[in-house]
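Visitor: I am new to this structure, so please show it to me and let me ask a few things.

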Amino acid sequence: RVVTRLAGEPLDEIDGEQLKVTRLSDELAAARAAIAEQASGDASGQALRNHARRARLRTSWSGTLDAVCLKEDERRKVDEAIALYSAKEVDRRREQRDARKTWLKSLARNDFFLVKRWHQWGVRSTMDAQVALQDELIFGLREAMPKDAFRRLKDVFGKPNVDLRALAGDPEAAATGAAPTARLVYVLSFDGDLTASRTELLAREISAILNSKRRPSEVVLLLRSPGGTVTGYGLAGAQLMRLRTAGIRLVVCVDQLAASGGYLMACVADRIFLSPFGALGSIGVVSQSPNFAKRVNQEGFKFIQTTAGKWKTTLSPFQEPTEAELVKVKEDITMVYNTFAGWVKSNRPNVVVEEVATGEVWYGPRAVERGLADELQTSAEYLLRLMQEPDCEVLQLSFERKKEGGGLAGLLGEAVRSAAASPAAAAALQGALAELLAGNAGNTAGAAALKELLRQAGIDVGTLGGAALTASAAAGG
């Protein structure tokens, strides 16, 4: 990779673009656990963390099975194994609660020694049954699916803090005979500027959602924008329409401002939430052009312009506009205005466009009264409500460009760290660096600069060999 980058080849897009996924439900669970630790002790916080992990396994189980690509009959056998385990595990939990209650009562009464030991054995037997049922579940899954699929599933079960009891869920869920399926919600953000420059990343995020095997039931867009160019925000609105076309519910949350082009995007949503002092509207079009014609004439300059096509240009800053040109500009922005107003009407049919498409901005309650928003609620309130729903996963998505650290020295250091884990990579890097040094042998300044870069990367150029390279990499590069 070092050699190809030094040769001038561009960054591999597979390495350069990465989709960052944040599980907001986990962040909420972590905050709740941290508060519980401070208020009630470490045990309370750990209990909340364990509960969140069990809930995560239970709600993500359907997606886990989708990932291993089972056939229909294999999926049916897996569901049957889970249903059988769930029924037995629910019965075992009930028996364990009863046995533990009886044992504690025996201790409180200070019963005869053998009686207390008998009740204690009852509790232990239910705990042994827990392990036996999980063994039975694993065996049933192994028999139900191909070896390769089970190996991938085994990797899931082998992760730290995975509790198979979560698959049993609650008694009501187990009685249905099917594993619970989570409602999946994705959260996107759009902080707009005058050119809607983030539209390309928004398009990639939406493409990633539409291309995923597991479609979300809802997408929440956190929107803030003062508006801007017609073409930029028109494209952004079209990207959001892709979600509506795919049958995915779209919710837009505006905490501060979605004006003009920002509202063009917002009105695509199935539902719009607005904070009490958030602002919506500015449905209109403006065209401005400075004119220096008088100053140009005073200075004695002559402006020459050649066009082909009657309306190739209308207003020029260096010439006085004609009446025909002013009329043409008015026609053009009226056309854009009518398109904008029609877009709002088609997406918000209950809005009286003639009353709101005046270029005005309305805040909070007044925006709701005019139908520009559906409800007064902040994005934090709405997302918290989603995260508190049972069996609801809330994931935040964002595309970020992977940054190269430290220039060429950082790139070399990264290569050295990679070589530490692979003898083949170390040998390849050693040969490449030796070749680079040999190629610069006649260029004293170039060789010195390259050696300095290698030194910054932690490579001993004096003894450039496999052992020196590996030792340097192991030391952290």
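Visitor: Taking contacts in the protein between residues at least 6 apart in sequence, what percentage join residues at least 24 apart?
Guide: Before we start, this is a predicted model: local features need a pLDDT of at least 70 and side-chain atom pairs count only at pLDDT 80 or more, while totals for chains, interfaces and linings use all residues. Numbering starts from 1 along each chain as its sequence is written, and side-chain values use heavy atoms, leaving out hydrogens and water. A contact means heavy atoms within 4.5 Å. Among the protein's contacts between residues at least 6 apart in sequence, the part that joins residues at least 24 apart is 71%.

Visitor: What is the mean pLDDT of the protein?
Guide: pLDDT is the predictor's confidence in each residue, on a scale from 0 to 100. In this protein, 69% of the residues reach 70 or more. The mean over the protein is 77.

Visitor: Where in the protein is confidence lowest?
Guide: Confidence is highest in strand β5 (residues 271-274), at 97. pLDDT stays under 50 over residues 170-180, for which the model has 14 contacts beyond four places in sequence, and also over residues 463-477, with 29 such contacts. The lowest mean, 39, belongs to residues 171-175, which form helix α9.

Visitor: How many helices and strands does the secondary structure come to?
Guide: The protein has 477 residues, and 36% of them are buried (under 20% relative accessible area, with exposed over 50% and partly exposed in between; 1.4 Å probe, protein chains only). Its secondary structure comes to 21 helices and nine strands.

Visitor: How do the axes of α10 and α11 lie: roughly parallel or roughly perpendicular?
Guide: Axes are lines fitted to C-alpha atoms, for helices over the stretch in contact, and angles run from 0 to 180 degrees between N-to-C directions. The axes of α10 (residues 199-211) and α11 (residues 230-245) come within 10 Å and cross at roughly 10°. Angles under 35 degrees count as roughly parallel, over 145 as roughly antiparallel, 65 to 115 as roughly perpendicular and the rest as oblique. That makes the relation of α10 to α11 roughly parallel.

Visitor: By class, which residues make up the contact of α10 with α11?
Guide: On the α10 side are T199, L202, A203, I206, S207 and L210, which meet G232, L235, A236, Q239, L240, R242 and L243 in α11. Ala, Val, Leu, Ile, Met, Phe, Trp, Tyr, Cys and Pro count as nonpolar, Asp, Glu, Lys and Arg as charged, and the others, Gly among them, as polar. Sorted that way, the contact of α10 with α11 has eight nonpolar, four polar and one charged residues.

Visitor: Which residues does A246 touch, not counting those up to four places away in sequence?
Guide: A246 is in the loop between α11 and β4 (249-259), and it is partly exposed at 33% relative accessible area. Its C-alpha atom is separated by 9.6 Å from that of R215, 31 residues apart along the chain. Leaving out residues up to four places away, A246 touches L210 and R215.

Visitor: How do α3 and α17 lie: roughly parallel or roughly perpendicular?
Guide: Helix α3 (residues 24-40) and helix α17 (residues 379-387) pack with their axes 10 Å apart, at an angle of about 90°. In this packing, L24, S25 and L28 of α3 meet L383, L384 and M387 of α17. By class, that contact has five nonpolar, one polar and no charged residues. The angle makes α3 and α17 roughly perpendicular.

Visitor: Which residues form one aromatic cluster?
Guide: The structure holds five aromatic pairs (rings of Phe, Tyr and Trp, its six-membered ring, with centres within 6.5 Å; planes under 30 degrees apart are stacked, over 60 edge-to-face and the rest tilted). One of them is the tilted pair of F292 and F318, 6.4 Å centre to centre with 40° between the planes. F303 and F318 have ring centres 5.0 Å apart and planes at 35°, so this pair is tilted. The cluster is formed by F292, F303 and F318.

Methods: Helix = DSSP H or I, 4+ residues; strand = E, 2+ residues; numbered from the N terminus.
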